[in-house]
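Here are some labels put on this model. Each is checked below against its definition.

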Amino acid sequence: MKAIVWHGVGDIRLDDVPDPTIQEPTDAIVRITTSAICGTDLHMIRGTMAGMKPGTVLGHEAVGVVEEVGDAVRGFSPGDRVIVCSTISCGVCPQCRAGNTAQCDVANPNGPAAGTSFFGGPETTGPVNGLQAQYARVPWAQHTLIPVPEAVSDEQAILLSDIFPTAWFGAELAAVKRGDTVAVFGAGIVGQLAIASAFRQGAGRVFAVDGIETRLAQALDQNAEIIDFNAEAPVDAILELTRGAGVDAVIDAVGVDAQRPKSGPAAEQTQEQEPEFQEAQQEVAPETNVQEDQWVPGDAPTLVSQWAVESVAKAGRIGIIGVYSPQLTHYPIGAAMNKNLTVRMGNCNHRAVTPPLIDLVAAGLFDPTRFITQEVGATDALEAYRSFDRREEGWLKTVLDPSA
Ligand SMILES: [Zn+2]
Ligand SMILES: [Zn+2]
C-alpha cells in the first residue's frame, strides 16, 4: 500500500509499504477513505517533537471502513464506517473509565507511566504506524474507533478525528462559561474551531490573535474580534478591549511553534524580553541539515504562554491545547501564581470528548467543513506538507485521499 513515511527530520516520502495485519485480538484493520495533515505532523518533521523512528507512517487523523477485526473486537464488523480517534485507548483501565482516555494505562507499549499513545508519533508514544496510508492497524479498536452515522460525510468526520474534539477540549480546559470573554491564541484550524467551541460553550466575546491575514479573516467570519500581532501588541490590545481587566479565559492553540511577530510594537517587545527562549528552542530542535527555508521551526516557543498569562484577568483560566515538547521547561509561573490563575492543559481525551460532537454535526447544528482549505491525493501530499509548513496564506486544513 501507499503511505507517507518519516525517514528523518525534514525527510518524508510517499513509499510502498506492506499492508498492516492483525497483531493482537484487540486490533482492527481499517481501510482509510479520508486522512488529513495536521499541525502536529509538522512537529515530527521539524524535529520539535524528537524521537521519531525512521520508517514510521505519519498521520493521526482518519475516517475509514473496517476491513477486518481481531477476535476480541465484539462491537465492530467489516463494512462499518468509522472515525479513528487520534489517541489510542483501551476503555478498561481506570484512566479510560474516568474519561482521561489520552492517559490510558495500557495503550502505550512503553508502559503505564508513558502517557499518551497516538498514531504516527515518536517512539515514546508507541510508536504506532499512522493513518496517512491506504490501510491502518488500529490497536484497542473497540474503544479507539467510533461509528459514523450516515448523515455525517467523510469531510465532516475527518475533522472529528482530532481537530474539533481538541478545540472543544481546549474550551473545556479553559472552563468557558456563559458570558465569558475569551482570547484564542492561534487561528489555525484548531484555533478556528476553538473560537466556534468557545461561542457554543457560552462565550459572549471571543478575541482571535494571529499574524496571518487569511486566518484572521476566517476568525472575523465567525464574529471573533481579531488582533493581528504584526500590527499591534496583542496584550495591550486585549487589555484595551476589556477596559484593563483582561479576558476571563484564554485558549492557547499555538504551542511550541510560536513565531515572533515580524513587525509592530509586539515585535520590538519580544526581541528585548526573550533571550533565554532561544536556548530553550535549541534544546528541543536537534541539529539538522534541513534547508532553512523549507522547514522553519518556531523561534519563540513560550511566547504565547507569556501573552496568555499577561492578557488573562486576575483569577482567570488558561487552557493549553497547543503542542509543547516534553523537553520544554519554561513557563511564566511566577506571574501566573501571583494572579491566582488556573492553568489546565493536555492532549485531548478524544474518545471521551468526540461522541456528542458527532451528534452536533449529524444534526446539522455545526458544520466544520468550512475550514477545510485544500484537498489532495497522496501523490501531492509532500508538496502540501511544504506549503502548510511555510504557513502560506490560505492553508488552514488539508484533507488527504490516500488512494488518489
Ligand atoms: Zn491532528
Ligand atoms: Zn485505558
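Q: Why is asparagine 340 called exposed?
A: Its relative accessibility is 58%. Exposed means over 50% relative accessible area, buried under 20%, and partly exposed in between (1.4 Å probe, protein chains only). Asparagine 340 therefore counts as exposed. The residue sits in the loop between helix H12 (333-338) and strand S14 (342-345). Helices (H or I, at least four residues) and strands (E, at least two) are DSSP runs, numbered from the N terminus.

Q: What kind of model is this, and how are its parts numbered?
A: The model is predicted: local features need pLDDT of at least 70, side-chain atom pairs count only at pLDDT 80 or more, and totals for chains, interfaces and linings use all residues. Residues are numbered from 1 along each chain as its sequence is written, chains are lettered from A and ligands numbered from 1 in the order in which they are written, and side-chain values use heavy atoms, without hydrogens and water.

Q: Why is alanine 175 called partly exposed?
A: Its relative accessible area is 31%.

Q: Why is H8 called roughly parallel to H11?
A: Helix H8 (residues 234-241) and helix H11 (residues 303-311) pack at about 20 degrees, with axes 9 Å apart. Angles under 35 degrees count as roughly parallel, over 145 as roughly antiparallel, 65 to 115 as roughly perpendicular and the rest as oblique. H8 is therefore roughly parallel to H11.

Q: Which residues of H8 and H11 meet?
A: Pro234, Val235, Ile238 and Leu239 in H8 meet Trp307, Glu310 and Ser311 in H11. Contact means heavy atoms within 4.5 Å.

Q: How do you know that S1 and S2 pair?
A: Two strands pair if DSSP finds at least two bridges between them. Strand S1 (residues 2-8) and S2 have 6 bridges, in the antiparallel sense. Their hairpin has 2 residues between the strands, and glycine 10 takes a positive phi near 75 degrees.

Q: Where is the cis peptide bond?
A: The bond joins glycine 126 and proline 127, with omega about -10 degrees. Proline 127 is in the loop between helix H2 (94-97) and strand S7 (135-138).

Definitions and conventions: Axes are lines fitted to C-alpha atoms, for helices over the stretch in contact, and angles run from 0 to 180 degrees between N-to-C directions.
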